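Trainee: Could you take me through the inside of this protein, one question at a time?

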Amino acid sequence: MNTGKMVFAQVMDFAPYHVFKYCVKRYNGDFKVQNLTCWKQFLCMAFGQLTHRESLSDTALCLKLQKDKLYHLGIGQPFHKSTISRANENRDWRIFQDFALKLIEQAKSLYSNYNQLDIKLKGGIFALDSTVVDLCLSVFWWATFRTTKSAIKIHTLLDLKTSIPEYIFISEGSLHDVNALDGITLPAGSYLVMDRAYVDFERLDRLANDRINFVIRSKTNMKYEILNSGQTDPSTGVLSDQAIMLTGLNTKQKYPECLRRVKYFDAETKKTLVFLTNNFKISALTVAALYKSRWGIETFFKWIKQHLKIQSFWGQSENAVKTQIWIAISAYLVVIIAKQQLKLKYTLYEILQLISLAPFDRTPIKQLFENAEYQDVKEQKYIQLKLF
């Protein structure tokens, strides 16, 4: 007798099927498909992600062993590894990309009043960076990077207040980070924090013209002249606060406006850092705090690499790799949406661990955490990276 939905099905209820169906229709993903529809493919891959399966074979075997329960998961029947693999190779990866982008919109609306930063600014605070996923050159030949190995880059624009990605772009490892700036659109008044890999004054000038406040590390060989200097207090770590103009042959043409240069000593790392910004209203300490908050995107990358399968891939083609990454991102988003709508007080790590331990349990998720058998599913804060 069916006494309730299984835990995995409870979580997948927060993945809007009607939106997914629209994405499939856009790319004609279910054309001449009989059994393994795009939705079932998504459920199989998401199951592998959320239950920490090591491979596609592992995922298919786990589902096969529980074939009597697959109807209640929405999968219906067990599928062979080769069937799922062919779907990953041939189905347009943009189906899952578009679905993930819709989930991002939903998650943003749910966490619109959420702020995990100590910085109180009206505009959104975003960090732009990329993470490299190394690949084998002989297998993933299409992912150009270096002469001895392949790689892909996951370029991410992260909302630092909510840890929700605003923009994601997957490219070959050889693409320079600064190119990701071309695909970014942010509301006027937003704050964008970047490392010095993104120093391109023509692109920074475009951001300034769009009224986006940027904070970026300065390169050591930058040529400039000081227009004026503000008062500073070295005891706070602020060593200088200057208004400058670029004097380089090309840079002064690419960025003809005045810039603010803040020199800051970080007592924790014992490093002296130099920042550039187009915002002259916020304090120098706020400029330093904004850049320090950029660590949130490093935490995000480390967290998803720890808890999602985006470093070992279950297919070799570009389409299969991108499909797996976008489904992993979608699974992450579905969980944070479920966390907010169910008002769960547990960390994302704890929720994921519970899903992986009891995907076929029919107990409501809220009650499941109260079960004595799962009381030890707690995040080890001294080891694990924490989001939410």
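Mentor: Helix 12 gives the most to the lining of the largest cavity, with three residues. The model is predicted, so to speak of local features a pLDDT of at least 70 is needed, side-chain atom pairs count only at pLDDT 80 or more, and totals for chains, interfaces and linings use all residues. Residues are numbered from 1 along each chain as its sequence is written, and side-chain values use heavy atoms, with hydrogens and water left out.

Trainee: What is the volume of the largest cavity?

Mentor: A cavity is a set of points, on a 1 Å grid over the protein atoms alone, where a 1.4 Å probe fits but cannot get out, and its lining residues have an atom within 4 Å of a point. A volume is the space filled by probe spheres set on the points, which are joined across faces, edges and corners. For the largest cavity that volume is about 90 Å³.

Trainee: Which elements each supply at least two residues of its lining?

Mentor: Helices (H or I, at least four residues) and strands (E, at least two) are DSSP runs, numbered from the N terminus. Among the lining residues are Ile 154, Phe 300 and Tyr 332. The elements asked for are strand 2 (150-159), helix 11 (295-307) and helix 12 (318-341).

Trainee: How many charged residues are in the lining of the second largest cavity?

Mentor: Asp, Glu, Lys and Arg count as charged, Ala, Val, Leu, Ile, Met, Phe, Trp, Tyr, Cys and Pro as nonpolar, and the others, Gly among them, as polar. The lining of this cavity includes Glu 172, Glu 318 and Lys 322. Beside four nonpolar residues and one polar residue, the number of charged ones is three.

Trainee: Why is the pair of Phe 20 and Phe 99 given its class?

Mentor: Rings of Phe, Tyr and Trp (its six-membered ring) pair if their centres lie within 6.5 Å, and planes under 30 degrees apart count as stacked, over 60 as edge-to-face and the rest as tilted. The centres of Phe 20 and Phe 99 are 5.1 Å apart and their planes stand at 90°, so the pair is edge-to-face.

Trainee: Is Phe 99 buried or exposed?

Mentor: Buried means under 20% relative accessible area, exposed over 50%, and partly exposed in between (1.4 Å probe, protein chains only). Phe 99 has 0% relative accessibility, so Phe 99 counts as buried.

Key:
On a 1 Å grid over the protein atoms alone, a cavity is a set of points where a 1.4 Å probe fits but cannot get out, and a pocket is an open set with protein on both sides within 12 Å along at least five of seven lines; lining residues have an atom within 4 Å of a point.
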